[in-house]
Amino acid sequence: MRWSDFLQTWDGHETENRFSRVVIIGLLVVCVITSLAAWRTERSIILVPPSLTQEVEVTRSQASSEFKESWGLFLAELLGNTTPANADFLKTAVEPLLAPDIYRSVLDAMSDQIKAIKMDRVAISFTPRHVDYEAETNKVFVSGELKSQGPSSKPDVKLRTYEFIIAIKNYRPRLEYIDVYPDSPRTLARLKATQGQPHEAQP
């Protein structure tokens, strides 16, 4: 019997219905799996910030190294260019980025520095020279020259490094660690090379 003739019989209709039910159930399973995979997959956002010439990728909890380097450079230039006129603004700009663990200590340190800058009428400017990201520690190092000058003193130029850990929470950067020191970047490679030797920071 030909297949077309068989489908015209009652048994043929029953066979076709059973086959259709199996196919429908299979399609439903595939749709459910696809929906769950799409729901659990983090959405990526592609950005081209003004300070970069290439795209950077940001998800809900991750970001590319270029994105973190851009934010590290922004924070270093923000903190390193301070005058009595803009000192209070810097504190307001940094506050929303701070993680809860360092929130109070950073704000207290900034408050002390702001008082000193206003009292001594010192202007500070920072010129970045290098920006590096260390994947092993998730740290961004921004190093360069820091120049400070009072109203009646000569400029004092020193090496300065800003060290940050920038995490991503709900697509937004969050500053989880900050350290500032008059020295070259303290990367893992440099720390291993100088392990066991006394650390000599520049004055």
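Glutamate 134 touches Lys139, Phe141, Thr187, Leu188 and Ala189, leaving out residues up to four places away in sequence; contact here means heavy atoms within 4.5 Å. The model is a predicted one, in which local features need pLDDT of at least 70 and side-chain atom pairs count only at pLDDT 80 or more, while totals for chains, interfaces and linings use all residues. Numbering runs from 1 along each chain as its sequence is written, and side-chain values use heavy atoms, with hydrogens and water left out.

Glutamate 134 sits in strand S3 (residues 123-134); helices (H or I, at least four residues) and strands (E, at least two) are DSSP runs, numbered from the N terminus. Glutamate 134 is buried but has no salt bridge, and the nearest side chain of opposite charge, lysine 139, is 5.9 Å away. Buried means under 20% relative accessible area, exposed over 50%, and partly exposed in between (1.4 Å probe, protein chains only). A salt bridge puts a side-chain nitrogen of Lys or Arg within 4 Å of a carboxyl oxygen of Asp or Glu; for charge, Lys and Arg count as positive and Asp and Glu as negative, with His and the chain ends not counted.

Lysine 139 does have a salt bridge with glutamate 163 (2.9 Å, N to O). That pair links distant parts of the chain, with glutamate 163 in strand S5 and lysine 139 in strand S4, 24 residues apart. Glutamate 163 is buried at 3% relative accessibility, and lysine 139 is buried too, at 18%.

In all, the structure holds 8 salt bridges. Another joins aspartate 88 and lysine 118 (2.6 Å, N to O). Aspartate 88 lies in helix H4 and lysine 118 in helix H5, so this pair ties together parts 30 residues apart in sequence. Aspartate 88 is partly exposed at 42%, as is lysine 118 at 36%. Asp183, Arg186 and Arg190 are linked in a salt-bridge network.

As for the nonpolar side, the largest core has 20 residues, and Leu98, Val142, Tyr162, Phe164 and Leu175 have the most contacts inside it. A nonpolar core is a set of buried Ala, Val, Leu, Ile, Met, Phe, Trp, Tyr and Cys residues joined through side-chain atoms within 4.5 Å. Helices H3 (65-80), H4 (87-94) and H5 (100-120) and strands S4 (139-149) and S5 (156-169) each give two or more residues to this core. Apart from it lies another core, of 5 residues, including Val56 and Ile168.
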